[in-house]
Structures are given as C-alpha cells and as structure tokens.
Amino acid sequence: MDAKAVESAVARAVVKVFGRAPDRVQSLVGGRRVNRAGAVLEPEVAAALRLLDALPESDYTQLTAEAARRRVDEEAALFGGRPLPMALVEDVEIPTFAGPITGRRYLAHRDDADRLLVYFHGGGFVVGSLDSHDTVCRFLAEHAGVSVLAVDYRLAPEHPFPAALDDARAAFMFAASKAAAWGHDAHRIGVGGDSAGGNVSAVLCQDLAKAQVHPAFQLLLYPVTDTSRQSASYREFADGFYLTEKQMDWYTERYLGDADRTDPRVSPLLAEDLTGLPPAYVATAGFDPLRDEGEAYARRLAEAGVPVALRRHDSLIHAFVSTTGVGRSGREAVLEACGAIRMGLGAGLRRHAPR
C-alpha cells in the first residue's frame, strides 16, 4: 500500500470514529464556535473542520484545476460513506450543441421511475463530478423516492460561462425526451443542485419558465445567487468554515472571467421578474458565506408568488449534502430535503394508486 492509500485509509478511520463520538469528545477536538445570530456550530462539524485542516493540500486554490478536482473527489469519498445499493445505475450520453456530455441515472427501486430529479453537482463550476456526488444522488434516489439524473456539465476554466448553463438546458431537454423510454412523466421533472448546482438550477428554471416543458420543482441547496456583491454572511464566514472567500474568488475568476456579474444568468437573484417559476425548496447553512444570498432568493421567490419553503440549518456549514456518511446532522438535513422532493414531485403517487 502506497503512502497516499495509507493516508486515505487513516483519514477514513479517523472520520468514522469522530462521526460516532459523543458531542463532548467532538467539542474537545473542534471547540465551541458561535455565529452572530447566536447559533452554535454542530460539534461533529467543528471536529470535521479541524480534521480537514490537518490534511495535506487542504487549500486547493494553490493547486491546478485538475489536482483540485481530485482533492474534492477524495473529500467526498471520505465523508459520503458507503454507496447505497441501487436497482439501476447507468451512465448515459447527453447530446449538446458542443458535443456529448455524460449523465448518470439512478433508480433505487423500479417503482420510483415515474418522477425524475435532474441534479447538478456543486463545486464552484470548477470542481465536482459525477463521482464526487455519487453518494449524494444515491441518497436522494433512495430517500426521496424518485429517479435521479446527475449531469456532468462542462467545467471552467476550460469551459467558462455560459457552458454549464448550456449543458444544463440540453440535459433537461434530454431528460424530457426520455420520458417514454424511462417511464417518467415529462411534466414531473424537477431540477436541483448544491452551491454552483443550485445556481444552475435556479437559472434553468428562469430560462425555461415559459417553455412548453419546464421544471416542475426546484431544489436549491445553499445556492450561489449573487456574484456581484458580498453579503453580511459572506464577510462573517470568509474563512474557517470550509468554503472561504478565497475559494469563492478562485471559482468566480475561472468561471466568469470578464463576464458581467450582474447578469441574471450569473446572479439569478438580480432577475427582474420571478413570477411563474416552479415551487422551490431552499436550504441554507448557518455558518456558510452563501447563507444570506440564498435566503434573499427565497424571499424574492415568495414575493413573486412562487410557493417556496426556506430552511436554515443553523448549526451546519456549506457542503453538508456531501456528509451523509458520517455523523447525523448532515444526514438529517438531506433527509428533510428528500421530504421536500417527495412533496414537490408527488413521489409515490403512482405506486400507491388504487388498482
């Protein structure tokens, strides 16, 4: 076993142990941290932050994009836990104007095929992959009772704005075209994602608001909604809570370059009209730089008459969707999101219909 494999095995063992340790033990490792709203950081999260800081190459803004992508995939494997078994996992080719991209379809149970969630991973438009969010999509498929199509959209800096958005639109249209073959309702397709993926989902819903086939529901997990300015939470959590101001700058520079940061396709919060958008579930984290802009977007949706539920997980940090394999807090948060998906897409209605 080489040094890298040993490091990975040790890290997995340590994370597993601390994920099951009592709060008092986790607090001894991570310390007690309180934000300006008076919320206390979850002890298991504080301990995990301390462990991540101790790992080599923890600041991947000093790495190449390729090296940073490998690092994020490794972290996802560390905290995502063992992949849940599925009835079906298959890679599919999604046609786009720029050439084919890859999607990955998940089906936990054959009876769940009638509702589909198209999922866009987070990672600042620079990192993240089908592999980094494999356990996430399996978890959603199992507990939300829907089939999931994960989309491997093109990443910056090789493919800057608006490549990710072009791929997202193509992926949604592809999913709609597969309704008959895959057994889902073309008018019961939801879209969702975390962080950058939440941005993609929000922009896609705006883009397709008046299309004949459009998303029926949007799942926005700590989404990027305004790249033109820094909110109060952005400044409060600029460093020390996993996602940092430095990382956001690194992402944004590579994705946007000289693009206008007030463009609603970049900053969906700045769109003039949000009426007619699909129902939304917006989840934020109490110790996240993106907290305030995500909540501002939820409020704007509500003001526009869009049915929306906003949930702040006071004691969590950014990227909690990727932590379902350790501890309990991230898992509980994502289980709640699964309940929202069930409500938003009417999951299970066909399975339990009278015969």
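A residue counts as buried when its relative accessible area is under 20%. The model in these views is predicted.

**View 1. D134 and R104 form a salt bridge between a helix and a strand.** The closest N and O atoms of D134 and R104 are 3.6 Å apart. D134 sits in helix α5 (residues 134–144), while R104 sits in strand β2 (residues 101–107), so this pair ties together parts that are 30 residues apart in sequence. Both D134 and R104 are buried. Their salt bridge belongs to one network, joined through shared partners, that takes in D91, R104, D131, D134 and R138. The structure holds 21 salt bridges.

**View 2. E66 and R69 pair up within helix α4.** A salt bridge of 2.9 Å, N to O, joins the side chains of E66 and R69. Both residues lie in helix α4 (residues 65–80). They are three residues apart, about one turn of the helix. E66 counts as partly exposed, because its relative accessibility is 45%.

View 3. E75 and R71 are four residues apart in α4, about one turn of the helix. E75 has a relative accessible area of 8%, so E75 is buried. R71 has a relative accessibility of 4%, so R71 is buried too.

View 4. Which residues of α12 are buried? They are S329, G330, A333, V334, A337, C338, A340, I341, G344 and L345. Just after the helix comes G346, with a positive phi of about 65°.

**View 5. S315 is a buried residue of strand β8.** The strand runs over residues 308–317. S315 has a relative accessibility of 18%, so S315 counts as buried. What does S315 touch, leaving aside neighbours within four places in sequence? Its contacts are V40, L41, E42, V45 and F287.

**View 6. A209 lies in a loop between a helix and a strand.** The loop connects α8 (196–207) with β6 (217–221). A209 has a relative accessibility of 24%, so A209 counts as partly exposed. Not counting residues up to four places away in sequence, A209 touches H214 and L277. Look also at T275. The C-alpha atoms of A209 and T275 are separated by 8.7 Å, though the two residues are 66 residues apart along the chain.

**View 7. The largest cavity holds about 570 Å³ of space.** Rolling a probe the size of a water molecule over the atoms shows where empty space is left. Three cavities of 30 Å³ or more are found in the structure. The largest is lined by 40 residues. Which of them lie nearest its centre? Those are Y242, H318, A319, S322 and T323. Elements that give two or more residues to this lining are α1 (3–20), α3 (43–54), α4, β8 and α12. The most comes from α3, with seven residues. By class, the lining has 22 nonpolar, 15 polar and three charged residues.

**View 8. The second largest cavity has a volume of about 110 Å³.** Its lining is made of 13 residues. Closest to the centre are F125, V224, T227, M248 and T252. Two or more lining residues come from each of α8 and α10 (245–256). Which element gives the most to this lining? That is α10, with five residues. How do the lining residues divide by class? Eight are nonpolar, five are polar and none is charged.

Definitions and conventions. Residues are numbered from 1 along each chain as its sequence is written. This is a predicted model: local features need pLDDT of at least 70, side-chain atom pairs count only at pLDDT 80 or more; totals for chains, interfaces and linings use all residues. Side-chain values use heavy atoms; hydrogens and water are left out. Buried means under 20% relative accessible area, exposed over 50%, partly exposed in between (1.4 Å probe, protein chains only). Contact means heavy atoms within 4.5 Å. A salt bridge is a side-chain nitrogen of Lys or Arg within 4 Å of a carboxyl oxygen of Asp or Glu. On a 1 Å grid over the protein atoms alone, a cavity is a set of points where a 1.4 Å probe fits but cannot get out, and a pocket is an open set with protein on both sides within 12 Å along at least five of seven lines; lining residues have an atom within 4 Å of a point. Grid points are joined across faces, edges and corners, and a volume is the space filled by probe spheres set on the points. Ala, Val, Leu, Ile, Met, Phe, Trp, Tyr, Cys and Pro count as nonpolar, Asp, Glu, Lys and Arg as charged, and the others, Gly among them, as polar.
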